[in-house]
There are 2 protein chains.
Amino acid sequence: MATQGQAGMDEPDDIAQIREDFIERIGVMVQGEGFPRIAGRVLATLVFDGERASFGDLAENLAVSRGSISSSVRLLEDREIIRRVAKPGDRQDYFEMSEDAFVNLIENSANRARRAGKEIATTLNRLPQSQSGAHARLATYADFYDEIAVALSDAAERMRHRGQA
Amino acid sequence: MATQGQAGMDEPDDIAQIREDFIERIGVMVQGEGFPRIAGRVLATLVFDGERASFGDLAENLAVSRGSISSSVRLLEDREIIRRVAKPGDRQDYFEMSEDAFVNLIENSANRARRAGKEIATTLNRLPQSQSGAHARLATYADFYDEIAVALSDAAERMRHRGQA
DNA sequence: CATAACGTTCAGAATGGAGTGAACGAAAAT
DNA sequence: ATTTTCGTTCACTCCATTCTGAACGTTATG
């Protein structure tokens with residue numbers, strides 16, 4: 001209902017089918033990235049439809065409880081992947097993709113890697129010089145995460161200058 | 001026991017403490033990356049100790065069942081993060097970090113991103129031109145994953161040329 | 001040959017996180 | 001003022017994955 005459903009006349013329910021497939025796929029995909037499945041489905045809905053979706057419609061169309069929508073949108077909001085917006089004349093909350101949703105998505109990953117590197121560095125500092133072997137190996141391990149963090153930050157930067165949503 | 005335990009005389013059990021902390025931390029860290037906790041603890045053990053560890057010692061020191069060790073080392077072996085090696089005169093299997101454990105770790109992530117991008121591209125191909133808006137948005141979404149894949153591959157390459165373990 | 005040590009497998013227990021839905025407070029509508 | 005409509009919260013259920021441990025085949029060892 002919140003989609004373009006009956007707009008075209010050429011592809012009847014074919015598109016609705018593709019849309020649902022897509023939403024479901026993204027749901028399981030992001031699940032493998034540490035997000036709850038519903039968060040992925042919400043995101044996929046917004047990506048596909050391209051227009052703001054209401055709280056109620058999300059719950060109804062995805063056939064999940066409002067409680068689930070509440071926690072999933074909060075998660076996505078906190079990471080600045082989606083934004084909560086108002087629609088004049090409607091009491092419901094609406095949601096749309098954040099300006100730089102993808103950039104933030106990448107930067108979230110970058111930050112996670114950075115934190116991991118820092119955590120290893122912490123252990124490293126506690127470790128006396130005498131343990132030169134372990135010291136060197138942990139340093140390499142920390143570098144590994146730092147390298148990832150830098151690479152992802154660069155990717156985010158590239159994405160940002162592309163100016164894409 | 002498989003560690004450097006009683007080697008130094010300055011830091012008695014202090015180091016053993018740091019070591020255990022480290023192993024446990026990495027365990028939960030990699031858990032957040034989709035690996036079982038025990039796999040992380042095995043990896044951390046090998047990183048810290050820097051020498052091959054026997055199947056039996058791993059089970060004993062980490063205080064987990066041999067079944068768990070079996071499945072965790074297999075997982076790490078499959079991704080070429082660790083190698084199974086033989087120790088002359090010992091029937092047990094031994095494990096050590098793979099030559100380019102970190103490189104492979106990154107490339108695993110890169111591949112996951114690449115797959116994600118491809119999966120979106122699949123949906124994209126099914127979607128008729130008429131849906132130009134959705135088409136464009138999905139394309140951006142696919143690019144997002146491709147961008148990550150490239151960034152991680154680059155990071156892997158840099159890591160490789162650094163020649164670090 | 002018999003016994004022991006090794007690693008794997010598989011069914012079941014344990015664990016953790018996701019999703020549900022009723023209860024709630026707030027805000028609008030009537 | 002009363003009744004809806006909203007979104008959030010929280011205790012509970014449900015589900016997936018991890019981990020365990022006994023059974024097993026295999027290979028060495030006595």
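Across which strands of chain A does helix H2 (residues 37-49) lie? Helix H2 of chain A lies across S1, S2 and S3 of chain A and runs at about 85° to S3(A). Axes here are lines fitted to C-alpha atoms, for helices over the stretch in contact, with angles from 0 to 180 degrees between N-to-C directions. Helices (H or I, at least four residues) and strands (E, at least two) are DSSP runs, numbered from the N terminus.

This is a predicted model, in which local features need pLDDT of at least 70 and side-chain atom pairs count only at pLDDT 80 or more, while totals for chains, interfaces and linings use all residues. Residues are numbered from 1 along each chain as its sequence is written, chains are lettered from A and ligands numbered from 1 in the order in which they are written, and side-chain values use heavy atoms, leaving out hydrogens and water.

The three strands of chain A form an open sheet with the order S1-S3-S2 and antiparallel pairing; two strands pair if DSSP finds at least two bridges between them. Strands S1 (53-54) and S2 (82-87) stand at the edges with a single partner strand each, so one side of each has no neighbour in the sheet. S2(A) is joined to S3 (residues 90-97) of chain A by six bridges, and Ala86(A) stands opposite Asp93(A) in S3(A).

Over all chains, the search finds 16 aromatic pairs. Rings of Phe, Tyr and Trp (its six-membered ring) pair if their centres lie within 6.5 Å; planes under 30 degrees apart count as stacked, over 60 as edge-to-face and the rest as tilted. Two of the pairs are tabulated.

| Pair | Centre to centre | Angle between planes | Class |
|---|---|---|---|
| Tyr141(A), Phe22(B) | 6.4 Å | 85° | edge-to-face |
| Tyr141(B), Tyr145(B) | 5.6 Å | 40° | tilted |

Tyr141(A) lies in helix H6 (residues 132-162) of chain A and Phe22(B) in helix H1 (residues 14-31) of chain B, so this pair joins two chains. Both residues, Tyr141(A) and Phe22(B), are buried, meaning under 20% relative accessible area, against over 50% for exposed and in between for partly exposed (1.4 Å probe, protein chains only). Tyr141(B) and Tyr145(B) are also both buried. Ring pairs link Tyr141(B) and Tyr145(B) into a cluster with Phe22(A), Phe48(A), Phe102(A) and Phe144(B).

Phe22(A) touches residues including Phe48(A), Ile120(B) and Tyr141(B), contact being heavy atoms within 4.5 Å.

Technical notes
Lists of a residue's contacts leave out its neighbours within four places in sequence.
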